[in-house]
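Trainee: I am new to this structure. Please take me through one part of it closely, and show me what surrounds that part.

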Amino acid sequence: MNKKYILRALGFSLALGLFSCEDKLNELRPEQDLTEESAFNSEATAMSSLYGVYSTTQNFEIFGGLGHVIGDFQADNVQFVGSFPTLQEIQNFNTVGANLTIQNLWQVHYRAITRANNVIAKAPTVEDPGFTEAEKAQVVAEAKFLRALLYFQMSNFFSQPFQLSGGDNLSVPLVLEPFTGEITFPERATLNQVHAQIEKDLTEAIPALKTASQFGDPSEARGRATVGAAKALLARLKLYRENWSQAEQYAREVLADNSYSLASDYSFYNANTSEDVFTIQNSAIDNGRTGSGGLASYYRPAASGGRGDAAYSSGLLESYEAGDKRLSSLSSEGVGADGGTYIFTTKYPDAVNNADNAPIIRTTEVVLTLAEAIVRQATTVAGAQEAIDLINPLRVRAGLATYTAADFTSTADLLATVLEERRKELAFEGLRRMDLLRNKMPLKTSGEGASKAVFGGDLTILPIPQRELDINPSLVPNPGY
Amino acid sequence: MKKRLLFSLFIVLVLAVPAWAQQSRTVNGKVTDQSSGQGLPGVAVLVKGTTVGAATGADGTFSINVPGENNTLVFRYIGYTTKEVAIGNSSSINVSISVNDKQLQEVVVVGYGTQNQRVSTQSVATVDALSFKDTPLTSPQQLLQGQAAGVQMTNSSGVLGAAANVRVRGVSSITAGGQPLYVIDGVPLNDGGYSFTQGASSGLNPLLNINPNDIESMSVLKDAAAVAIYGSRGANGVVLINTKSGSKGQKTQVNVDYFTGVSEATNQLKYMSAEEYRTFRTAVANARGTAVPSFGNGVDSYDWVDGVTQKGSISSYSLSARGGNDKTTFYVGGVYSDEEGFTIGNELKKLSGRLNLAHSVSDNVKIGVNYNLSNSDMRRVGLENSTAAPLTGAYLQSPWVTPYGPDGNFQNTGFIVNSIAQDALTINDFNLMRSTGNAFAEITFLNDFKIKTDWGIDFVETDAKYRDPDILSPGGYGYRSNIADNKWLTTNTLNYNKFFDGHTIGALVGHSFETSRFDDMLVEGSGFASDDLPNVGSASTPLSTSATGSEWALESYFGRVNYDYNSKYLLEGTLRRDGSSRFGANKKYGTFYAVSAGWVLSEESFLQNVGFLNFLKLKTSYGTSGNDRIGNFAYLGLFAGGSGADYNGKSGLIPTTVPNPDLAWEETAQFDITLNATVFERLDIEASFYNKNTVSLLASQPYPYTTGFASATRNVGEMRNRGIDLMLTSRNITRPDFEWTTSLNMGFLKNEILSLPDNKDPEGRNFISGSTAQRAIEGESLNTFYLVRYVGVNPETGNAEWLDKDGNVTTTYSTANRVVAGSAIPDFTGGFTNRIRYKAFDLNTFFNFSYGNKVLIDGLRFTENMLSAFNKSTDLLDYWTPENRDAFAPALNSPTLPNFAQLSTLHLQDGSYLRLKNVTLGYTLPQNLVAKSKVLSSARVYVMGQNLWTLTADNFRGPDPEVSANGGSNQVAGESFFALPQPRSITGGVNLTF
């Protein structure tokens, strides 16, 4: 009896083993991912793919920290006291093509660019009755804005400025189509070609974008691509290309929108106010500890939970007049990564969660761009009175005396003041490096690597990553690497 | 050549079939086990001097026709002493035979069964319990080092519980998993990543929860004949672990083992004192005209390396019992061990219990269960590749920074974590629970058939808990992570064994289905009201709330047929067909096979008179196996959501992989020829030559980043592993009171990349990068270092100098000058063991060695960086001055100084070593003394030293040449980033048997 029972059980289990499991091989599906067909099949998924592009720009390598940090420490605003070799190399103008930080920077920028390409190509093809043509156009326009912004940052890092050779020099490869699976080996475009594409994307985007006021929620009005943001970026582009009249025109158009005005004090960081033209919206879950850090992790000292890597340089400290609130209300003393005591910025206070928003374009920058464009076109100080009137509110906000035309001996003198105000206002927001380069000034005048930091110096721009040179035979390296 | 060999074997086989004898008489009888009296099925009954034979039935009875003149029967059974009985005039003969321990060792565990080593045509290296029973170990992983030719095992780090890099006859994959498949009592172990990024960069030892005392034998399946039965998972070798069982009618034997010991680091890197550091950095700053950096108050100093190291400790208590009656056999084993590493904050406690039970329901029905439940509790330390690891931080921390502030309390030391405060205040706990086991039933019927159904599970549950206090992370920070990886499988086999007239035929067919589900959950938060709130639930800001899951399934059909004629001519064929959920519809199924043949030359009459030759066998095999260890859905183009894709509170989607519906198994074809011999009754020789070719390699084809993707998994490329395995065992002295055995095993390996996807270096060779320093290059090995060559400091100028691509000396460092600089794969590795027993004393020494490989001590790039704020190697004090021209480091004002620490051959070292891995001295108490105790049957005390002595290459500048910081990574071998060196330990213990 025993035997019969066991035989029966055995037969049963054999049958179970053989016949019950076949289908599972074909039925198992990923649980955390959608397949390609379902990623662009509705308005919801198309919108999600657009948010995915914004999300990618939150990465450390784009607007999560590195972009801003390099823009200030490969310049004279930041004393880099950290020890991470790949960053130290950049600070000391001693970088090599194998620098992993730069390789990652390149990688993640193109990751975001190709995700934008995907949205630009596929959003219009989505078949969803609820997804109107205007909505599709807006999705495409936002992706184009992001693409323009990304190419702008890339061209700043990897090519010599327009001022060196009028923009005929090599910049980065322009990839505008979604990846189909077929590997392409794009060549580097010239700086003029990259700039032309940025202008094209932005001007095409403007008609379909919303204005800030059309977004109800402040975090959307400041954190999504808007008409104001696109025009402000065009103003910056024109400024970098020394097209002063167009820079002036776009800046004026931005400031004409009453969504943008100067804040009365410095509590606007992280607050989505009229100071923000375009600001990446971060929360604790976006840039948490499991990621690669964030702005605050570099700019805050250990006691606040940061690395204490990027302190005020002595030159920047000296540039502030006594009582300047841009120093007194936006800094604190702390212990740096090397154990020394330094002054650190408080623009990005949250080193524990790295949840600080990343300012990309501020109203103050647009004001300063307008002021500079006016001065550049003026022949006399008196003719640039509007520029003086533009910077005076910034000085009042900083608790400083205002200027009159009599304070300036020449337009060059006034220009120097506008640039100095720009430095002090926008310190640690990633713009200093390009402001020096486009004014043909050395990135650094003392310390390790200063001799290589001169205008036009090969090492003032980043190397095309060795990995990319290895894989893509169409790429040529930057000279000096 | 191999085809011709197979053909000639076949011819020999056909010609050798002799004519049958004519006259005969019938003899009947029964064969029983001497100790239990039970009938033994399947015993070979042979008529001596003829080819006539029969096998016993299920109850042990037999019937045989004996040709005319012959008068002796031979009874042969695996694991039993062969017995010869004169027939005389009787027509009925009953025989009892007894277990032979020595013969038992000749049984080799193979996939889905066992074989007699003498007639097996598979290449299997066996590590049996006898070879390690006197050695205290806490993980069976260590048993794979230097014990089996062709198995290269490299410890990745001295961190407790770190995975080792195990390669069987070289690695057969580039991107897909390259570690062998571990199978315990027929249950293939799950091999997911269970470790939240802590400890060694290599992840956790997959055998962490296995108690070495429970192991009866470990078999490493090496050639195609052995691994083809594991089909799509066999290409990187298979390690079969069989656990202990009791014997029928055995008096219950109880074993108690206890050992305890201490450990310390074998070696450390050099580092400066605070005084040296301040002087050096001041000199650098002055020479370069830069500001002298801040050194705090200028007088503080702290020796961080000393502060984070301690005397490690280990103690282990184990108890086991085995025995059985005529129907039931059992083994129970339990162990508790407690280890503390030689760096602070690193502890491992293990508790494990096993029950193996088998019961004969009747003469032909047997059921049983093997079950192991284990629990490991760890206190972990930060990832070695981060400044949160105690020793990494200790080498890098400026020596004037102190763990305590002026107020005497711990202070936050910033980017380089205060690991002394961490040890005291941070919770970093990890718990791993694992239940592995199987239940089976087997029925023997019609004498020759056996059907078996086997159901197995491997349930892994992990729980990681982390909590930083306010001082280390303002407001506090914590996470909790749970992972479950639960597998079940069923294996159903039918066996047929038939012996007749000298022919033995064995056949196996089977079906198995295996599926596993991996789930993980993570919650992470910051902002705690107090350090006294340990759980994430008390955090004010949630950082992560994640739960993911994934599942795979594998369905297989397999079969094996073997044939032997008179234990002289051997043939075997294997076939397996696997279907996997991991591949697309186009490539869901794969078929793998092997054929093998052997010839026992020593059974031939022409070799019978060669006195010194006791055994000689030549065997050869050819076949295929595969590898399925890629992600579960790598064939689909995927878009992920979650917290990696969201923006401003809205859910996002990001593309993560490129679709590839044609993604298929990679396939490894292996040829093997092996010679086994025993000469002078004391020397065993095994020599194998093998050639493994892997085609359609699952490789991450690197994409230009301008595609938006870094790489995609493709079936591209071809790689060859070719080598020789050599094992020699010599029983030098075999007297009753004096035994001395020497064994040597060596594995020679040459790995070569034959082709790769189109991705050319400046020399026009395709390559795939593994790390910044290492790549697979066509025509070179998988682990080729590709570096700028460093020359030294020019005695005239004080500049550091490198070679450019053409070999000209240059003071410019450029990554464009990188060239092939050596391989991380050794020319040969192996082990050398001596066991001596003299009267009551036993002495066991074991050396292991590695030769011809390079290792990259990557941490030197940081400790030899002359500009950074990190602490530095004292080697830098030997910098160039006009008075010190033969210097290690460049002049302090040299323009080459900033590049001195750039990655170059300066950091690449000769990784060859010879290490006294283990020496054990034991003393067995005299029997008369033991007998007085009434309960004890034997007692032994011993002392063991591990890693007591290491011979490295001249000028080796790392802490330890035995390093593989990336653990089981295929593409990155022999690199170290402050990986903990192996511990040097002294252990003492006692074994008692009751």
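Mentor: What follows is a close look at the contact between two chains, then at some pairings inside each chain. Keep in mind that this is a predicted model.

Start with the contact between the chains. Chain B gives 93 residues to it, and chain A gives 85 residues. Look at the side of chain B that touches chain A. Strand S26 of chain B, residues 541–565, supplies the largest share of that side, with 11 residues. By class, this side of chain B has 40 nonpolar, 44 polar and nine charged residues.

Now find a place where strands of the two chains pair. For one of the partners, take A:Thr35, which is bridged to B:Leu638 in S30(B).

Next, stay in chain B. Strand S17 of chain B, residues 253–265, runs antiparallel to S52(B), and 11 bridges join the two. There, B:Glu264 has B:Arg984 of S52(B) as its bridge partner. S52(B) also pairs with strand S50 of chain B, residues 938–952. That pairing is antiparallel too, and it has nine bridges. In it, B:Gly988 of S52(B) stands opposite B:Val943.

Strand S41 of chain B spans residues 790–793, and strand S42 of chain B spans residues 800–803. Three bridges hold this antiparallel pair. One of them links B:Val793 to B:Ala800 in S42(B). Six residues lie between S41(B) and S42(B). Within that turn, B:Gly798 has a positive phi of about 80°.

Finish in chain A, with two helices. Helix H14 runs over residues 244–256, and helix H18 over residues 363–377. Their axes are 8 Å apart, and they pack at an angle of about 145°. The crossing of H14(A) and H18(A) is left-handed. From H14(A), the contact takes A:Trp244, A:Ser245, A:Ala247, A:Glu248, A:Ala251, A:Arg252, A:Val254 and A:Leu255. From H18(A), it takes A:Val366, A:Val367, A:Thr369, A:Leu370, A:Ala373, A:Ile374, A:Arg376 and A:Gln377. Sorted by class, the contact of H14(A) with H18(A) has 10 nonpolar, three polar and three charged residues.

Conventions
Residues numbered from 1 in each chain as written. Chains lettered and ligands numbered in written order. Predicted model: local features only at pLDDT ≥ 70, side-chain atom pairs only at ≥ 80, totals over all residues. Axes fitted to C-alpha atoms, helices over the stretch in contact; angles between N-to-C directions. Helix = DSSP H or I, 4+ residues; strand = E, 2+ residues; numbered from the N terminus. Left-handed = near helix turned anticlockwise from the far one by under 90°. Contact = placed C-beta atoms within 7 Å. Nonpolar A, V, L, I, M, F, W, Y, C, P; charged D, E, K, R; others polar. Pairing = 2+ DSSP bridges.
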